[in-house]
Amino acid sequence: MPIDKHIHPDTAALAARRRFLSLSGLALAGGAGALALVGCGKNDAPAAAPAAAAPAAPTAAAVPQLTIAIIGDGRTGVFASLRAGDGGRKLEDEIAAKVVWQPGFTASLPVMEGIKAGGVDFSFATATAIVNAVAAGVPIVPLAAYPLPATEVDVLVAKDSPIRSAADLKGKKIAHQNGTTGTYSLIKYLESAGLRLSDVQAVSLSGADAYTAFAQGSVDAWIHWQPASGLALAKLGDKARTLPGVKTYDYAFYVARTDFADKNPQVVARLVRLIREAQQYAVAHPDETVASWAKLGGFEPGSVEEKVYRQLIVDARLSDSGAVVLKPIDGAAADSTQDLADNFQSLGVLPNKVDVRSFLLDPKFDSIKKLVAAELGA
């Protein structure tokens, strides 16, 4: 199976971003150094643009309909495990709601557009998406968060490259996907050597284009997250290696559309708990989990892709991996996300300062935070 199956182009994401920014009234600062905010996908599976939601079928008055956004094709990851009923779970029975799965989103930023339009009720969201949603006034309720795995991101260099550390990246051409977890990790990695993003030649490329550029030697290094990085290393074999000390710093969130959460707080609180339980099951049962994902069409049974995914589960390097410690929004999540917002503003990504910390810790969310805490035993 070609690696491009798991590394999606960002054309659709950029188009969605433009629509989103148009709706929100945001305008990006110009200049060669400005970053384009496209969000960070949970995985790199290609996906068609989301179709318009079909009219809801009549349901019992006591059973709400919950539309969950899926980034990618939904054949791998924690939502895939929930859809498949891994561990014997019956999702709809446990949350007392009819679930509509809405796959096809290229990243979590376009999902914010879906929430604003009223077509999405619940979703995973990166810190980047949260910052933009707050700036744009998207009606979201932050439910829970967890730090992304520290080893989720890799910097790849050629096996025989003289680059051995962050300091060696000065002046080098580095591929990254603009405005994502990869960009933020690159900023932090360079800072560890006293460098700024302006000290390197940061080249914005989609995952597929970055892989091609790296494989052909057109860039000196490439930073990206899992599973794309792990799949690339598997394909390149002894032609590539990773740099030491690269870390992931930002948080991941689960959010609900405000109107839905206000009317059905117990539904979203229970779903948060089930997400944590599903991820705990995946960690405890990697073989059963990859077999389930393969059955859904995520990859061929016995393939290299299946082996890579299994190892990423065992090593806790997928973005979902951190959901085993999912908990209500706290000061650490708010502070980390504020730092990301401040860094992106300094780079010209955001035209104005975004007080995302105050939003995430707003007392208006206290009642639903208590429900989530009760479900999680926090």
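**Notebook: around helix α13**

I began with two helices: α5 (residues 127-136) packs against α13 at an angle of about 75°, and their axes are 10 Å apart. That makes α5 roughly perpendicular to α13, because angles from 65 to 115 degrees fall in that class. I kept in mind that this is a predicted model.

**Entry 1: who meets whom between α5 and α13**

I listed the partners next. From α5 come Ala127, Thr128, Ile130 and Val131, and from α13 come Thr337, Leu340, Ala341 and Phe344. Sorted by class, this contact holds 6 nonpolar and 2 polar residues, with no charged ones.

**Entry 2: Ala341**

I picked one residue from that contact. Ala341 lies in α13, which covers residues 331-346. Is Ala341 buried or exposed? Its relative accessible area is 2%, so Ala341 is buried, as the cut-off for that word is under 20%.

Which residues does Ala341 touch, leaving aside those up to four places away in sequence? I found Val131, Leu350, Val354 and Val356. Val131 was already in my notes, as one of the α5 residues that meet α13. I also looked up a distance: Ala341 and Asn352 are 11 residues apart in sequence, and their C-alpha atoms are 9.8 Å apart in space.

**Entry 3: α6 against α13**

Another helix also packs on α13. Helix α6 (residues 181-191) meets α13 at an angle of about 85°, with 11 Å between the axes. The two helices are therefore roughly perpendicular to each other.

On the α6 side I noted Thr183, Tyr184, Ile187, Lys188 and Glu191; on the α13 side, Ser336, Asp339, Leu340, Asn343 and Phe344. This contact divides into 4 nonpolar, 3 polar and 3 charged residues. I wrote the α5 contact beside it for reference: 6 nonpolar, 2 polar and no charged residues.

A reminder to myself on helix geometry: an α-helix has 3.6 residues a turn, so residues three or four places apart point the same way.

**Entry 4: Ser185**

I stayed with α6 and looked at Ser185, which is found in this helix. With a relative accessibility of 0%, Ser185 counts as buried. Beyond four places in sequence, Ser185 touches Val153, Ile223, Lys247, Thr248 and Tyr249.

**Entry 5: α4**

How many of the 9 residues of helix α4 (residues 108-116) are buried? I got 8, so α4 is largely enclosed by the rest of the structure. The buried ones are Ser108, Leu109, Pro110, Val111, Met112, Glu113, Gly114 and Ile115. I noticed that a charged-class residue, Glu113, is among the buried ones. Just after α4, Gly118 takes a positive phi of about 85°.

**Entry 6: backbone details in the loops**

I then went through some loops. Where does Ala96 sit? Its place is in the loop between α3 (91-95) and β2 (98-105). Phi of Ala96 is near 55°, a positive value in a residue other than glycine. Ala96 has a relative accessibility of 38% and so counts as partly exposed.

Ala316 went on the next row of my page. Ala316 has a positive phi of about 55°, although it is not a glycine. Ala316 lies in the loop between α12 (304-314) and α13, and at 33% relative accessibility it counts as partly exposed.

I also noted a cis peptide bond, from Gln226 to Pro227, with omega near 5°. Pro227 is found in the loop between β8 (221-225) and α8 (228-236).

**Entry 7: stepping back**

Finally I looked at the whole protein. Its secondary structure comes to 15 helices and 10 strands. Of the 378 residues, 56% are buried. Among contacts between residues at least 6 apart in sequence, 83% join residues at least 24 apart. The accessible surface is about 14500 Å², and 52% of that belongs to carbon and sulfur atoms.

How confident is the prediction? The average pLDDT is 86, and 84% of the residues score at least 70. Over residues 1-41 the pLDDT stays under 50, and the model has 121 contacts beyond four places in sequence for this stretch. Residues 43-52 are also below 50, with 37 contacts in the model beyond near neighbours in sequence.

Definitions and conventions
Residues numbered from 1 in each chain as written. Predicted model: local features only at pLDDT ≥ 70, side-chain atom pairs only at ≥ 80, totals over all residues. Heavy atoms only, no water. Helix = DSSP H or I, 4+ residues; strand = E, 2+ residues; numbered from the N terminus. Buried < 20%, exposed > 50% of the residue type's maximum accessible area, 1.4 Å probe, protein only. Contact = heavy atoms within 4.5 Å. pLDDT = per-residue confidence, 0-100. Axes fitted to C-alpha atoms, helices over the stretch in contact; angles between N-to-C directions. Parallel < 35°, antiparallel > 145°, perpendicular 65-115°, else oblique. Areas by Shrake-Rupley, 256 points an atom, 1.4 Å probe, with all protein chains shown as cover.
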